[in-house]
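Q: I would like to learn to read strands, sheets and ring pairs in a model. Can we go through them feature by feature?

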Amino acid sequence: MAVGRMRRGSGTSRARGVLVAGVALAATLGCVLDAGPAAAAKKSKDALAPSITTVAGNGRQPPDTAGAPPGNVAATAVTLGSPLGVAVDSHGNILLADQDNNVVRAVAGATGTFYGQAMTAGRIYTVMGNVDGVAGQSGEGRDGPLGVDLDDPNGVAVDALGDIVVSDTGNDAVQLYCDSPGFRYGVSMKAGIVYTIAGGGTEGDVTQGGQALAAGLTSPDGVAFDRYGNVIVSDTGDDLVRVVPQTSGTYYGQAMQAGDIYTIAGINGDYGYSGNGRPGALAAISIEPFDGLATDAQGDVVFPDADNNVIRLVAASGGTRFGVSVRAGDIYTIVGNGGDGYTDKKPALKTQISAPQGVAFDAAGDLLVSDAGNNVVRLVPAANETYAGAKVKKDRVYTIAGESAASGYTGNGGPATAAEMDDPAGIAVAPSGQVVVADNGNNVVRVLTAVTAPTQAKRRR
């Protein structure tokens, strides 16, 4: 099933889709929504059609040496450099990994002070990375967030405490901005300081259970926090999914110590496709930059196994997920039949997807997928429900944004299923049903707003 893989080299730009949290996000950011080019959208043929708008980026291609985008300006006025990972904090601020500019930016969802800066709603700010935008590497624990040199940051996530975790891809490390003082990942941390929490060893050293700061990561990409505060990282170059526990305990069927690193998917960095129904650390996976990560309310880790054209899950506990019976610590395919193509409105395991890159969950437990190879965003309902005015069935796959095979930048202000996207990447979902997507190939971040929030006929789990 796994065929010739494509790796993104340093400095190149291939972004994937992202969903974002934040109640009434589009209304909050209304001052920055613009129509973009070719705004006149044709009438959608499908009732399942949230509206789509751009909230960050002007859609222009950056120069070879873009430098740092300006700060404290309208978010839709800046030229982004391949936005990849996206997250939303509890205040509705959108965080995005601005890869080619070597920074993490925030699009303010409200006016106030966040991450040590005064921000105005709808404007964009640098919150991590050197403001000159030059790639580099800084000593951890010594610099404030704007004094840290990042190199090709790909993934970003934020937790309820306001801590930001970033995959510092070019430096083979994972960085954490500490928003409030405390003891995390085996380290006593101060507020406003950036700490390395994983990476620093020999590249390709995939030793299980050793100190995370001595681990050899290879081009880490997607990052996420789980319900326990553990950091999950896609160790892309080694074809592994790994965990850095915040506190000691048993997670994903393994006993773990705070600050150490553990593999929960992938075996010795082997590239392939195997292991469904077995412990995740004995399975072969084939992840590709950028592969985002997500965790659900049960603590399960879900990730795109991109080169195999499937979505896989490592269960935190036993039960049923999207029609599949699971055991703690084991790995399962939950979306995709392995074929590289496009089918819609079929059962999840009989659907064809292509090079998926981002995943996220909404408050109802529905799964969202950025199907990058098809330039669309997909919905997998967790229960029979009404979504964006249309009835959908649990465990089937529905397109909610983009036109299959079409690559472009059209449709702002109209139905999302009539819009064109280009290589959607990072993804996140708000409780209100809004979705934020990193439309990487267009160098913008876009928001999907459902006509009505998801309502379920009956909860499945």
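Q: Which residue in β29 is the bridge partner of L368?
A: L379 is the bridge partner of L368 in β29. Keep in mind that this is a predicted model. Five bridges join β28 (residues 367-371) to β29, and the two strands run antiparallel.

Q: What do β28 and β29 form, and how many residues lie between them?
A: They form a hairpin, with four residues between the strands. Look at N375 in the turn: its phi is positive, about 60°.

Q: With which strand does β29 pair over three bridges?
A: With β32 (residues 398-401), in the antiparallel sense. There, V377 has A401 in β32 as its bridge partner.

Q: How do I read the side chains of β29, and which ones point which way?
A: Start with the general idea. In a regular strand, side chains alternate between the two faces of the sheet. Now the case here. V376, R378 and V380 point one way from β29, while V377 and L379 point the other way. 

Q: Are the residues of β29 buried or exposed?
A: Five of the five residues in β29 (residues 376-380) are buried. That includes R378.

Q: How many bridges pair β34 with β35?
A: Five, in the antiparallel sense, between β34 (residues 435-439) and β35 (residues 444-449).

Q: How many bridges join β17 to β20?
A: Three bridges join β17 (residues 240-244) to β20, and the strands run antiparallel. R242 has T263 in β20 as its bridge partner.

Q: Now the rings. How do I describe a pair, and how many does the structure hold?
A: A pair of aromatic rings is described by the distance of the centres and the angle of the planes. A search of the whole structure finds three aromatic pairs. One of them is Y115 with Y177, an edge-to-face pair at 5.9 Å centre to centre, with 70° between the planes.

Q: Why does the Y115 and Y177 pair tie together parts 62 residues apart in sequence?
A: Because of where the two residues lie: Y115 is in the loop between β6 (112-114) and β7 (117-119), and Y177 is in β11 (residues 173-178). Both Y115 and Y177 are buried.

Q: What kind of pair do Y228 and Y251 form?
A: A tilted one: 5.2 Å centre to centre, 45° between the planes. This pair links distant parts of the chain, 23 residues apart. Y228 is in the loop between β15 (220-225) and β16 (231-235), and Y251 is in β18 (residues 249-251).

Q: Why does Y228 count as partly exposed, and why does Y251 count as buried?
A: Apply the cut-offs: buried means under 20% relative accessible area, and exposed means over 50%. Y228 counts as partly exposed because its relative accessibility is 32%. Y251 is buried because its relative accessible area is 7%.

Q: Last, the whole protein. How many helices and strands are there?
A: One helix and 36 strands. Of the 461 residues, 61% count as buried. Among contacts with a separation of 6 or more, residues 24 or more positions apart account for 54%.

Conventions: Residues numbered from 1 in each chain as written. Predicted model: local features only at pLDDT ≥ 70, side-chain atom pairs only at ≥ 80, totals over all residues. Heavy atoms only, no water. Pairing = 2+ DSSP bridges. Buried < 20%, exposed > 50% of the residue type's maximum accessible area, 1.4 Å probe, protein only. Phe/Tyr/Trp six-rings, centres within 6.5 Å; stacked < 30°, edge-to-face > 60°. Contact = heavy atoms within 4.5 Å.
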